[in-house]
Amino acid sequence: MEKQYSVEKCPASYEPYEFTLPDRYRKLAKEELREDDEIREQSLAQMRDWIAKHPYIRKCRTDASFLLRFLRFRKYSVPKACEALERYLAMRQTFPEWFKNLDCNDPAMKEMLNDVVFTKFGEDADGRTVILFRFARFNVEKFSALQEGRFTVMLIETLLEWEELQIGGFRVFVDYTDSVLKHYGIWGISDMRIFMDAINRSYPIRIREIHGAKFPKFAISLLNLMLSFASPKLKDRIRCHDSVEEMANQCDASLRPSVWGGQCDLQEINQRFMKHLEDRRQVMLALDEMDIDTAHYTSLWKYTAASESEIDSGAMGSFRKLGVD
């Protein structure tokens, strides 16, 4: 039976945590995150106490599997982990159309999964989770930037359930082969800002590298615009390749799909991931039960009240003039 998690901010007791990953992750956690059994237990206790006393947090998961993603994200700086959790809760509550009701059974979500836009290969020799996006497989005739963003957010929430990813972070591969102008033109300025804020600041994800191949020259200005909302650290981790073959060489041979000359079947891997999504569906939907008083966090996202003129003068305006709508 699927595990259910309480959102009581101050429960009578907490379920004990047991580290069950292979030794290489224990070693990686110690070397990169300063994590050991003592620090982990002390930090969880401090974070739970902070949540229990927080005047604006009304409901929040306090189980170790949830809180550890923030502690590992901030390398066991408890104040920074608490700040990250606070921002995450406020973001979800402020923009529910982006970050709530992330249902894998939603028709749009299902179609994007069936189109194999995304694949989780597995963990490489360094303990990093390796994922692939095939950008052109987003059906821009049917789906908006909001739907694409929600799909990506659903994937992130699901991936964060894996402790291997919390500790090792992940390597992202993006294949832009056959993408067209409209793939980029559907993204407005506000869409970019909200999405990049989530990736940069509001989700506890540790991106180790981003590799991209076959990015079209006609979209470079839009890429630069989107990256203007990215942190310097994230920009430094982006690697561009002239060909998919060149990019594939950066991926462990054991994880390469058949289309990259490897042995892995993308469709089979995707079916396993879809089964995992279905198994965790109620856990994902239950995240919406968490609650925070957003009145105290409006200043974090003042920019999102973008005027129509701002959007028209930006990316969407450019594409309207080109008649790509």
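This briefing walks through charged residues, salt bridges, contacts and backbone angles in the structure above. The model is predicted, so every value here is computed from predicted coordinates. A search of the whole structure finds 29 salt bridges, and a few of them are described below together with a surface patch of positive charge formed by R74, K75, K80 and K233.

- R72 and E163 form a salt bridge in which the closest N and O atoms are 2.9 Å apart; because R72 belongs to helix 3 and E163 to helix 8, which covers residues 163–168, the pair ties together parts that are 91 residues apart in sequence.
- R72 is buried, since its relative accessible area is 0%, and E163 is buried as well, with a relative accessible area of 13%; both values fall under the 20% that marks a buried residue.
- R72 and E163 also belong to a network of salt bridges, in which they are linked with R26, E35, D37 and R40.
- E209 forms a salt bridge with R171, with 3.1 Å between the closest N and O atoms; E209 sits in strand 5 (residues 207–213) and R171 in strand 4 (residues 170–175), so this pair ties together parts that are 38 residues apart in sequence.

**A salt bridge between partly exposed residues**

- K30 pairs with D36 in a salt bridge whose closest N and O atoms are 3.1 Å apart.
- K30 counts as partly exposed, with a relative accessible area of 43%, and D36 is likewise partly exposed, with a relative accessible area of 24%.

- The relative accessible area of R74 is 32%, so R74 is partly exposed.
- The backbone angle phi of K75 is near 50°, which is a positive value in a residue other than glycine.

**Another positive phi angle**

- N101 is not a glycine, although it has a positive phi of about 55°.
- N101 is placed in the loop between helix 5 (96–99) and helix 6 (107–114), where its relative accessible area of 47% makes N101 partly exposed.

- D124 is located in the loop between strand 2 (118–123) and strand 3 (129–134), and D124 counts as buried because its relative accessibility is 4%.
- When residues up to four places away in sequence are not counted, D124 touches R24, V130, R171, D252 and L255; among these, R171 is the salt-bridge partner of E209.
- S65 lies in helix 3, and its relative accessibility of 22% means that S65 counts as partly exposed.
- S65 touches Y5 and Q166, again not counting residues up to four places away in sequence.
- The C-alpha atoms of S65 and V259 are separated by 35 Å, and these two residues are 194 residues apart along the chain.

Notes: Residues are numbered from 1 along each chain as its sequence is written. This is a predicted model: local features need pLDDT of at least 70, side-chain atom pairs count only at pLDDT 80 or more; totals for chains, interfaces and linings use all residues. Side-chain values use heavy atoms; hydrogens and water are left out. Patches are made of residues with over 30% relative accessible area and no salt bridge: like charges are joined within 9 Å, nonpolar side chains (Val, Leu, Ile, Met, Phe, Trp, Tyr) within 5 Å. Accessible areas come from the Shrake-Rupley method with a 1.4 Å probe; for residues, only the protein chains shown count as cover. A salt bridge is a side-chain nitrogen of Lys or Arg within 4 Å of a carboxyl oxygen of Asp or Glu. Lys and Arg count as positive and Asp and Glu as negative; His and the chain ends are not counted. The place of a charge is taken as NZ of Lys, CZ of Arg, CG of Asp or CD of Glu. Buried means under 20% relative accessible area, exposed over 50%, partly exposed in between (1.4 Å probe, protein chains only). Helices (H or I, at least four residues) and strands (E, at least two) are DSSP runs, numbered from the N terminus. Contact means heavy atoms within 4.5 Å.
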